[in-house]
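Good morning, and thank you for making time on the agenda. I would like to take you through one structure, moving from its overall layout to individual residues.

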Amino acid sequence: MPEFLPPFLLYLAGAAVVPLLTGRARQIFALLVPAIALANLYRIPEGIHYQQAFLEFELVLLRADSWSFVFAHIFTLVSFAGILFIVKENRRLDLSAGLLYAGSALGAVMAGDLLTLFFFWEMLTLGAILCLLARRTPASGRAAYRYLLVHVAGGVILLAGLAIHLGSGGSLAFDRIDLAGPGPVLMFLGFGVNCAWPLIGAWLPDTYPEASIGGVVFMAAFTTKTAVYALARVFPGEEPLVWIGLAMATLPIFYAVIANDLRRVLSYSLINQAGFMVAGIGLGTHLALNGTAAHAYCHILYKALLFMSIGAVIYRTGKSKATELGGLYRSMPLTCVFCCIGALSMAAPLFGGFVSKSMIVSAAAKQGESLLWLGLLFAAAGTFLHTAIKVPFFAFFGRDSGVRCKEAPLNQLIAMGFIAVLCVVVGTFPQGTLYQLLPYEDATYHPYTVGHVTDQLALLLFSGLAFTLMIRAGWYPAEIRARHLDAEWFYRRGGPLFFRAMDRLLNGINKAAATFLSSAISPRVGIFFDTGAYRIACWAMTPVWFLRGLNAERREEERQSLFRKSQRGAYPIGLTAFFAVVFLALLAALLAY
Amino acid sequence: MTTPPRKTTEDPTTSSGWFDAPENVRKILLGLFAASGLLLAIDVAFFLLRFDKHPYFRWEQWPGFQAAIGFVSCVAMVTIARFVVRPLTKRREDIYESGEKGGRDA
């Protein structure tokens, strides 16, 4: 018995066993998998383990270092909370999908080489589409299909980049690669698809609102953060990432302000927060990279909490749109508290996000990147307004929708409470918890200085003040039942258009070819084989009949006789010999030629 | 409005909740204005007392800088979202469903 196992193995085995169990046994088992995985994670010593020869490559299935540990740690914690959140329904698909997805994410962040990374990268897509299918609606089925198409395209780009990189003498090492040449650039873009960069990341707000209430907790945690991890390991300090990150942090805000579905608001907010991480990777200093890791950790926590609280609302009311919700604090007071903790954890002192996001913002300032710094401040204020205030306000406060329901079930409350406690512990005591896990020990950071706390509080309170005044003055745009087009339009409208164009072109060619073969060629071939011999014989014999001086009547009789013989296949010996001679003559002519 | 979460554990069974009473809403608003004013006052005091906030940029020392950023950012972003992004991108809610197999969904 080995001391420790690769985490992905535990999860994948768990995902395979879950469908075989029933009842309480299945529930307990599904919860035990992440619990055992956490214990197992602490037993893995630093270094590379489970090396495996594959073709001419040496694969490293498990690399444990400070980078992979911080991501593996939070993935394991959130997978436990996610399973707990959905354990009551005890559905095979949902539990199995969650474990498979978590296993793939752990496999990816603990991969020691690019091929292993790619393998788990593709498995992440499988986990995500299962989480979408777990919603069991026609819309979620279509969303799963779109998700699959986009991510297969992204995976192919990544694989092409990897192949070119290897072909031009690069190694499989999952380490820093210079962003130069087609191979690394394609890999960069492949990572970018999963990281939900502007334009190529439209799949995220397009599909996440369709996922199951538990599935979206996993989706919010794993896919984009694995991409952040991959970028941080392979392309740290690449300048373009700074500006991609800034675009991610700012552009989705406008959509989040007007989006109606609260899970779509959270999806845009997810991209916006991932933007901070990507900008941190682009800065590339130890403080910035620590900030990226820390913010990924905190963001997974509070985004899981926010998605869970809206998930609980959907569970009880079936609604997730701002136009249909409001005033739920009466019916779901505890869920409301957890949602507010999740919201505060985005930025407020004593809660998670404050101690992580500010590392990246400070790193930007330290580098003298004033434009980036201002952009990130704008994004931080915007995030607080469009998510931390908007989501709880429209779901739990605001106009009373008249919806009355029961409080969330106990397992969901415990799952939310678990994450909420983690948010507060990490936010209040970062030095003893989160900061211990960060990759670089030389980049120390102290978030709780008087100036920083008052500054941050001022930023948040005046954002809140702006929201309040705008709501009361009617300046804040009313929530309306509408869809706001984003880049998903290109594939949701362009995709069918491409399909129709290809349908016309390829099926047109197909049809023309079919028509040509079936109505032009094949009947003629049929006629030839049916009566061809008779016709040739007639044609050959007609001069003979003339020479014999037969009249029209006799000639017709001869023809009829030939036809009957041809149908029976019984020609006179002379005629058969004649054809044989003709055939041989043709053959001889052909050979001579 | 920013609402302290701890106040939400009021009795959920009553049909008109704590937040429905106008005097309570007024209390929250007053609290918000008071807190904002207090923070602004602290910032001004820091500036006058030349308290070192360890700034990276010199504008960070200006009194009310972060407050202004927060307020102006939010107003700007809501205004752009309302008057630029929404008119450009707003479509029917079922814009995509109409053309897809399975038709509209719930």
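Predicted model: local features only at pLDDT ≥ 70, side-chain atom pairs only at ≥ 80, totals over all residues.

Residues are numbered from 1 along each chain as its sequence is written, and chains are lettered from A and ligands numbered from 1 in the order in which they are written.

Let us start with chain A. Its domain assignment gives domain 1 (1-235), domain 2 (238-483) and domain 3 (494-592); such bounds come from an automatic or database domain assignment. Between the C-alpha centres of domain 1 and domain 3 of chain A the separation is 64 Å.

Chain B comes to 2 helices and 1 strand, in the order α-α-β along the sequence. Here helices (H or I, at least four residues) and strands (E, at least two) are DSSP runs, numbered from the N terminus. Of the 106 residues of chain B, 20% are buried. By that term I mean that 20 or more other C-beta atoms lie within 10 Å of the residue's own; 12 or fewer makes a residue exposed, anything in between makes it partly exposed, and the C-beta atoms are placed from the backbone.

How do the two chains meet? In this model, 56 residues of chain A are in contact with 47 residues of chain B, contact being defined as C-beta atoms, placed from the backbone, within 7 Å. Which element of chain A gives the most to the side that touches chain B? That is helix 18 of chain A, with 16 residues. By class, this side of chain A has 36 nonpolar, 12 polar and 8 charged residues. In that count, Ala, Val, Leu, Ile, Met, Phe, Trp, Tyr, Cys and Pro are nonpolar, Asp, Glu, Lys and Arg are charged, and the others, Gly among them, are polar.

The chains are also joined through strands. Strand 3 of chain A and strand 1 (residues 90-91) of chain B run antiparallel and are joined by 2 bridges, and A:His484 has B:Lys90 as its bridge partner. Two strands are said to pair if DSSP finds at least two bridges between them.

The core draws at least three residues from each of domain 1 and domain 2 of chain A. As for A:Ala304, the residues it touches, leaving out those up to four places away in sequence, include A:Val78, A:Val217 and A:Ile419.

A:Leu241, in helix 10 of chain A, is buried because 27 other C-beta atoms lie within 10 Å. Beyond four places in sequence, its contacts include A:Leu231, A:Phe235 and A:Ala279.

A:Ser212 belongs to the loop between helix 8 (203-207) and helix 9 (215-234) of chain A. Is A:Ser212 buried or exposed? A:Ser212 is buried, because 27 other C-beta atoms lie within 10 Å. Not counting residues up to four places away in sequence, A:Ser212 touches A:Asp94, A:Cys131, A:Ala134 and A:Arg135.

Next, the hairpin. Strand 1 (residues 47-54) and strand 2 (residues 57-64) of chain A pair in the antiparallel sense over 7 bridges, with A:Gly47 partnered by A:Ala64. There are 2 residues between the strands, and A:Leu55 takes a positive phi near 50 degrees. Most residues other than glycine have a negative phi. A:Leu55 counts as exposed because it has 7 C-beta neighbours inside 10 Å.

A:Leu350 also has a positive phi, near 80 degrees, and lies in the loop between helix 13 and helix 14 of chain A. With 15 C-beta neighbours inside 10 Å, A:Leu350 counts as partly exposed.

Finally, helix 21 (residues 552-568) of chain A is hardly covered, with 1 buried residue among its 17. A:Gly569, with a positive phi near 75 degrees, follows this helix.

How values were computed. Contact = placed C-beta atoms within 7 Å.
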